[in-house]
Amino acid sequence: MRYTKLGRTGLDVSRICLGTMTFGDQNTKAEGFAQMDYAVERGINVFDTAELYAVPPKPETQGSTERIIGDWFMERGQRDKIILATKIVGRTPNTWFRDGGVSGELNRAQIHEAVDKSLRRLKTDYIDLYQLHWPDRAVSQFGSNSTIFKPTTGPENPIPEILDALDDVVKAGKVRFIGLSNESPWGTMSFLHAAETRGKPRVQSIQNAYSLVNRTFELGLAEIAMRENTGLLAYSPLAQGYLTGKYQNGALPKGSRKQLYNRLQRYENPGAQAAFDAYLGLAAQVGLDPAQMALAFVLSRPFVTAAIVGASTLDQLKTNIDAIDLTLTEELEQQINNIHLLHQNPCP
């Protein structure tokens, strides 16, 4: 395993992070334990979760992933070896996250409630990295519409007030550091500016989607990540399995996310299949496992802190972690960029 610094925290984090959102639905508790055991054995020291998980989001499984991780901490006694990252939902009409059946938003009361509930489920008294899962404001995101700008309006909590509430939980010792997720350049710089001018906690990372078929992070956020030390925690680096080739030619593997839930429309936009064909063809041409090539590309970007890998089997997890040993040649990187220029960001 290789390690790097998380923002300006001084923490050394593994370049590959274990994503856990399948624990509690697609994966059983025993399977989750096996994945966490194997990840630690391979040198991974970052687990990423969220109050929303397991996926797909529904009230009966909400919080189950955090509970499984909490049980693992209790049984394995390794809390001090793990950098634990979790998330609070952004603005949502869903009412099952909070007491009283209110819609989710990032106000002070809900932030305090969410942190306390996550701590109880995780069976710990602190969270290393607390992330805002998505913004509290109306903004285009999650799929094809995210690259088509439309002025949006709606209720929101001002960023300085959100930061004040996060400052509360940091000062209380419940949270060590904060991060963003599914955030825009404007949102990121607004949080950084508010932190600097108000003496509040500084954003240390941005968790956004990033892969061969979604390089939109490079358009505005990459420079921010490098200049402001707010590196990318890249989720969906394998395009939820499409870049492994598992869904090629209409295949629908039993137990796969698409077969179980049919929620992968983000990766079925016009032009997506042509891009997948090109990248999978390139991997075959150069004799590389397509998942490892895709992950090696993500890990080679200077603005990436870590790639978040999720798996439903230990074999998948082993293949993903083994990508840490692959270095792309300049020639291969140029071939990847040539494909990108022909098939730019079909799956934002």
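**View 1. The largest pocket holds about 1100 Å³ of space.** This is a predicted model. The pocket is lined by 48 residues. Lying nearest its centre are Met21, Tyr235, Ser236, Gln240 and Arg257. By class, the lining of this pocket divides into 21 nonpolar, 20 polar and seven charged residues. Three elements each give at least two residues to the pocket lining: helix H9 (290–299), S10 and helix H10 (314–322). H10 supplies the largest share, three residues.

**View 2. Gln240 has a positive phi of about 50° although it is not a glycine.** Gln240 is one of the residues nearest the centre of the largest pocket. Its place in the chain is the loop between strand S9 (231–234) and helix H7 (257–261).

**View 3. Eight strands form a closed barrel.** The order around the barrel is S3-S4-S5-S6-S7-S8-S9-S10, and the pairing is parallel. On average, neighbouring strands of this sheet are turned by 30° against each other, with direction ignored. Strands of a sheet pair through backbone hydrogen bonds, either parallel or antiparallel.
- S4 and S5 run parallel and are joined by three bridges. Phe47 has Leu84 in S5 as its bridge partner.
- Strand S7 (residues 175–181) pairs with strand S8 (residues 203–207) in the parallel sense, over three bridges. Ser181 has Gln207 in S8 as its bridge partner.

**View 4. Strand S5 is largely enclosed by the rest of the structure, because six of its six residues are buried.** What covers the picture on each face of S5? On one side, Ile83, Ala85 and Lys87 are buried.

**View 5. Ala85 lies in strand S5.** Ala85 is buried because its relative accessible area is 3%, and the limit for buried is under 20%. Which residues does Ala85 touch, leaving aside its neighbours within four places in sequence? Ala85 is in contact with Phe47, Asp48, Thr49, Leu129 and Gln131. Lys29 is 56 residues from Ala85 along the chain. The C-alpha atoms of Ala85 and Lys29 are separated by 19 Å.

**View 6. The structure holds one cavity of 30 Å³ or more.** The largest cavity has a volume of about 70 Å³. Ala85 is among its lining residues. Also in the lining are Leu6, Val13, Ser14, Cys17, Val46, Asp48, Ile83, Leu129, Leu233, Thr305 and Ala306. By class, the cavity lining has nine nonpolar, two polar and one charged residues. Which strands each supply at least two residues of this lining? They are strand S2 (12–14), strand S4 (46–48), strand S5 (83–88) and strand S10 (304–309).

**View 7. A cis peptide bond joins Tyr53 and Ala54.** Omega of this bond is about 20°. Ala54 is found in the loop between S4 and helix H2 (64–76). The peptide bond from Val55 to Pro56 is also cis. Here omega is near -5°. Pro56 has its place in the loop between S4 and H2.

**View 8. Asn182 has a positive phi, a residue other than glycine.** Its phi is near 50°. Where is Asn182 placed? Asn182 is in the loop between S7 and helix H5 (185–198). Asn182 is buried because its relative accessible area is 12%, and buried means under 20%.

How values were computed:
Residues are numbered from 1 along each chain as its sequence is written. This is a predicted model: local features need pLDDT of at least 70, side-chain atom pairs count only at pLDDT 80 or more; totals for chains, interfaces and linings use all residues. Side-chain values use heavy atoms; hydrogens and water are left out. On a 1 Å grid over the protein atoms alone, a cavity is a set of points where a 1.4 Å probe fits but cannot get out, and a pocket is an open set with protein on both sides within 12 Å along at least five of seven lines; lining residues have an atom within 4 Å of a point. Grid points are joined across faces, edges and corners, and a volume is the space filled by probe spheres set on the points. Helices (H or I, at least four residues) and strands (E, at least two) are DSSP runs, numbered from the N terminus. Ala, Val, Leu, Ile, Met, Phe, Trp, Tyr, Cys and Pro count as nonpolar, Asp, Glu, Lys and Arg as charged, and the others, Gly among them, as polar. Buried means under 20% relative accessible area, exposed over 50%, partly exposed in between (1.4 Å probe, protein chains only). Contact means heavy atoms within 4.5 Å. Two strands pair if DSSP finds at least two bridges between them. Axes are lines fitted to C-alpha atoms, for helices over the stretch in contact, and angles run from 0 to 180 degrees between N-to-C directions.
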